[in-house]
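Here is a short briefing on selected strands and helices. Please keep the sequence and the structure in view while reading.

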Amino acid sequence: DGYRNTNLYQGGRAGNQVSDDYRYQDGNYEGYAPNDGYYHGGNEPAHEEDAQSDVTEGHDEDDEVYEGEYQGIPHPDDIKEKQKQRAPAVADEYRDRADLMAERMEDEEQLAHQYENIIEECGHGRFQWTLFFVLGLALMADGVEVFVVGFVLPSAEKDMCLSSSNKGMLGLIVYLGMMVGAVMLGGLADKLGRKQCLIISLAINAAFAFLSSFVQGYGFFLFCRLISGLGIGGSLPIVFAYFSEFLSREKRGEHLSWLCMFWMIGGIFASAMAWSIIPHYGWGFSMGTKYHFHSWRVFVLVCSLPCIASLVALKFMPESPRFLLEIGKHDEAWMILKQVHDTNMRAKGEPERVFTVSYIKTPKQIDEFIEIQSSTGTWYQRWLVRITTTFKQVWDNVLYCLTAQYRMNTLMLAVVWFTMALSYYGLIVWFPDMIRYFQEEAYESRVKIFDEEEVSHFTFNFTLENQIHRNGEYRNDKFIGMKFKEVRFEDSLFEECYFEDVTSSETFFENCTIISTVFYNTDLYEHKFINCRLVNSTFMKEKEGCHLDFEEDNDFLIYLVSFLGSLSVLPGNIISALLMDKIGRIKMIGGSMLISAVCCFFLFFGNSESAMIGWQCLFCGASIAAWNALDVITVELYPTDKRATAFGILNGLCKFGAILGNSIFSSFVGITKVVPILLASSALVGGGLLALRLPETRDQVLM
């Protein structure tokens, strides 16, 4: 008993000393004098060794249990380890930023290889396929958005009285919104998270696409399509970054290529809906004389459905665990990875398989978001701090893509993206315009010309179309409840005639003399009378607004062209998906762009509608492999915390190329085919050859 009491007393001394060490471990004390009657100076290690030998007296050397454990006293070795772990955290603020970045880069490299092994353990199964369809709907919405304006433009120009300049602006405004949205929302996705930013992006698109179908004015409709494009433009870089972070190295190229098929499905969906909805004039309603909801507005409404469906389904999907690890949220990332593992194992019939990962490496956190307290400043000051801090971090990410490590890759990718977009989007607009041009040429060749005709006391109550009347005389004639389509009256005389309830399209009176004639409830406005002399003529109750004529404006061939163009990329999608991981991304991009350039030269032989449709399908089918490989390599070349930002920048540059391509190529329709063809083919050749100098990424892990 005496020995035991002495031992306990010595253990108490050791425990007291350890306890005091534990209390003061965060301070910078050389020594202190606690109230236990002992002085603890610079010889602390010797005292700890004495205390440990006293406590463990009578035990085996290999016995790790010491008496202090039963009293809840930490082991001295544990305290030393904790002090070692805490020491760097205290010293980080005094370390050079370059050292911290080097340490973070080392952590990220370790995480990249560990994460690859974890994803392989989780397997590829039900979870990835569910996410595949959810994100596919978002990508489908992007494909729909590109086609919507082109399909509604012929009807919208009549409904909202659009001039040629207004039509051109409406066609380009969507690409402008996509360009801004890709850069802005892509950058935010690297700071706020993939899922959160994708939800914001889809919500913006769905809300303003839905609203645009109801607005009547041109300005408000233009604004809604701009913001709608901004939303859907931000979804594209997020979708690919999000999905890639759930895929292993062996599956990444193939399944990202399969995901690209939803863009094709979006084009097919838009073409089919336009074909089945817009020609049905009765699929709408009117409220008075001012508000009209025609069938093209129903089409715009239906086209927002893929976006809404993706938005709802995305609420049930988790955040990217790779992103969570990047910002230091280990436990949340681990839970999501375990969910992925368990979901796939249950689907494979192996629910007993256990997720063996217990700890995942997280990179050193350097840039922390500064959150001000709720008691500091006013609410808008706090939000201003949050917003400015976030956008500064986004801007830093943008600049990081141009640092020495990534500068050459970024610049080469930028050139490849731009040349691909310039040629592809330019030709995609040029093909329908050329088909319309061939149609107009054929239409004009069938024009009927009437010279010096004299008509009197006759009632016109039928449609006049594609006619030219020269030096005619019309006396006491009535034009009632009729339509003029592409009709011109030149050097003609109208005397004591009566026009009532007349609508016209591309109809003009040139150098005519109009005497004692009444125009009642017509759309024959002043600008349609060119160098005419009107004597005692009266215009009463002119028609207001513009009027749709579905027999003329809804060109079924244009819908068919878009449908076939979208469908033609199916073989290219399948081939690129199957070969992406076999031949590599670089050869896929270079080969596809060079083959597309060869297809451009065959356009010199496209002198008819059917020939242009055939060459368009061939060009689209050949170029889609390059698009898919560009998406894959852009995802793989950049680290996780810069991935969506880099993709957004390059995709924004792509939309800028689309705007230039649309403007340049459309200006040569009916003038020459040489410039568009040579410009497209030279851009594709230059971009394809430059792409061969990019680094191959199919064998590297996702950093």
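Strand β10 (residues 493–495) pairs with strand β13 (residues 513–515) in the parallel sense, over three bridges. Leu493 stands opposite Thr513 in β13. The model is predicted.

**The sheet**
- β10 and β13 belong to an open sheet of five strands, with the order β4-β7-β10-β13-β16.
- The pairing in this sheet is parallel.
- β4 (454–456) and β16 (533–535) form the edges; each has a single partner strand, so one side of each lacks a neighbour in the sheet.
- On average, neighbouring strands of this sheet are turned by 5° against each other, direction ignored.

**Helix pair α20 and α21**
- Helix α20 spans residues 609–637, and helix α21 spans residues 640–666.
- The two helices pack at an angle of about 145°. Their axes are 9 Å apart.
- From α20, the contact involves Trp627, Asp631, Thr634 and Val635.
- These residues meet Arg643, Phe647, Leu650 and Cys654 in α21.
- By class, the contact of α20 with α21 has five nonpolar, one polar and two charged residues.

**Helix α8**
- Helix α8 covers residues 218–244, 27 residues in total.
- From first C-alpha to last, α8 reaches 40 Å, close to the 39 Å expected at 1.5 Å a residue.
- Where does α8 bend? The bend is at Ile238, by about 25°.
- Is α8 mostly covered or mostly uncovered? α8 is mostly covered, with 23 of its 27 residues buried.

Note on methods:
Residues numbered from 1 in each chain as written. Predicted model: local features only at pLDDT ≥ 70, side-chain atom pairs only at ≥ 80, totals over all residues. Heavy atoms only, no water. Helix = DSSP H or I, 4+ residues; strand = E, 2+ residues; numbered from the N terminus. Expected span 1.5 Å × (residues − 1). Bend = angle between axes of the 7 residues up to and from the residue. Buried < 20%, exposed > 50% of the residue type's maximum accessible area, 1.4 Å probe, protein only. Axes fitted to C-alpha atoms, helices over the stretch in contact; angles between N-to-C directions. Contact = heavy atoms within 4.5 Å. Nonpolar A, V, L, I, M, F, W, Y, C, P; charged D, E, K, R; others polar. Pairing = 2+ DSSP bridges.
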